[in-house]
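Q: I'd like to learn how to read this structure feature by feature. Can we start with the strands?

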Amino acid sequence: MNALDYCIPTRPDITHYWLIKAFQVKRAWTRAFPDKWMHPSALLAQNLALDTVTSALEDPENSVFTSIFMPNEIFHSLGLKPLIAEAVADFIAGAHAELGFTIYAEDQGVPQTYCSFHKVLLGATMAEVFGVSPLIANCSVACDANNITFRMLANRFGVEHVYIDVPGEYDEEGCFYVAEQLREMAEAAQDIYHRPLDEKVLKEKVARSQRTLDNLTRSLRLRVGRYIKNNMGLEMQHGLCFHTLLGEPECERLSRLMIRDYLNAEPFDGVNVVWSSTTPFFCIPLQRLLDVNTDQQLIASDMCFDQVSFTGWNHTADEPYLAMAERLIRDSYNGPGIRRVDRMAEICERAQADGAVCFCHWGCKETMGVSQLMVRELESAGYPTIVIDGDGCDRGNFPGGQAATRLGAFLEMLHAKKDARDAEAFEQELEEALEGVADEMGTGDVR
Ligand code: SF4
């Protein structure tokens, strides 16, 4: 426990002050002193992530508590700032302050086994360190925590709550059902925040969202054989931008910059892994293995690719509510677990991954439930897969040493497989070259 943790129950105002100050200083610092090793797109993602969360926390009256999978174009069209549990919790963890909030939430009756992102958010709001927004809006995707936390906060603080029920499978009837709910949410938001929604602006944002996601899809193939200089924290920041800022001009710019950066990136001959779920970005033993490492890299994660469509969209921005509904129903985190597995297989194939990691974050029953299916299906598709249990938010609950030993052994195995594949490819190339020379010389064999 640190001094700030002791202030949580007695002086939430002091905790609030120092946390906001820490986020503001970090935001100013990264703008003034950008890391030299980073691609321009990575710098932009970092700045956008820091700004979107800090500015929402600074201005709770113009923010909306929401879940990561909710379409946010409606809120942005109204000039509102969406704030999600994972982002608040990760920022608090980034400031090394998650422990006090976890303990506070558990003291208030939140189960120890609850998703730690939500536990930290609940601790921070129940202790009144952070104010609750006038509207809380969430959807049934993807987890029990999303279904419980937001209702609980709305009841406790007496604020408006909108819940979007999302069917597991896509069909046109379901799409109209979700679109109607989104339309009602837009009406509720206009009433609560006393401002009108301009449908033309909404359409522009939805069109931009589709272009951004299509750019993101294109970026996958461009990562092959290139050093993308990624780390676990950056991957989470990209995931945050492509959810809370989707539809905004800066987010589209980010997707374009990524394409440009990857086109110009240095070649990479190491091992590539695709990550499923959140990352324990603070875990030093895992950082040593994966972060900005020329031997192995985290090439992509499904947290950035859950919303993309590899087959195009049925609804365009001319029907903005239907387009957002389609994206939400088709999200790879919605519906049966096999959809997440299929999405991982598609990412692995496009990025030519050597293997995959399924990270079972503490309290995330969805990932736990799907993990063995993911191992079975990805391995049968040719992608060795490891399941790592840990905590992506509470560092006290995940020292990471044992996980690093397992991941290290897994990466060694991927290197050995890659070396064997390279040797085989070399032999084959050599055989073909020698046959060509023999044909040219008219001899039977030059070996
Ligand atoms: S980590 Fe799992 S349980 Fe926690 S918010 Fe995300 S999907 Fe829900």
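A: Two strands pair if DSSP finds at least two bridges between them; here strand 1 (residues 63-66) and strand 2 pair in the parallel sense over four bridges. Strands (E, at least two residues) and helices (H or I, at least four) are DSSP runs, numbered from the N terminus. This is a predicted model, where local features need pLDDT of at least 70, side-chain atom pairs count only at pLDDT 80 or more, and totals for chains, interfaces and linings use all residues. Residues are numbered from 1 along each chain as its sequence is written.

Q: Which residue stands opposite K81 in strand 2?

A: That's S63.

Q: Are the faces of strand 2 (residues 81-84) buried or exposed?

A: A residue is buried if 20 or more other C-beta atoms, placed from the backbone, lie within 10 Å of its own. Both faces are covered, with K81 and L83 buried on one side and P82 and I84 on the other.

Q: How many residues of helix 11 are buried?

A: Twelve of the 13, so helix 11 is largely enclosed by the rest of the structure.

Q: What does L182 touch?

A: Contact means C-beta atoms, placed from the backbone, within 7 Å. Leaving out residues up to four places away in sequence, L182 touches P71, I74, I164, Y321, M324 and A325.

Technical notes: Two residues are in contact if their C-beta atoms, placed from the backbone, lie within 7 Å.
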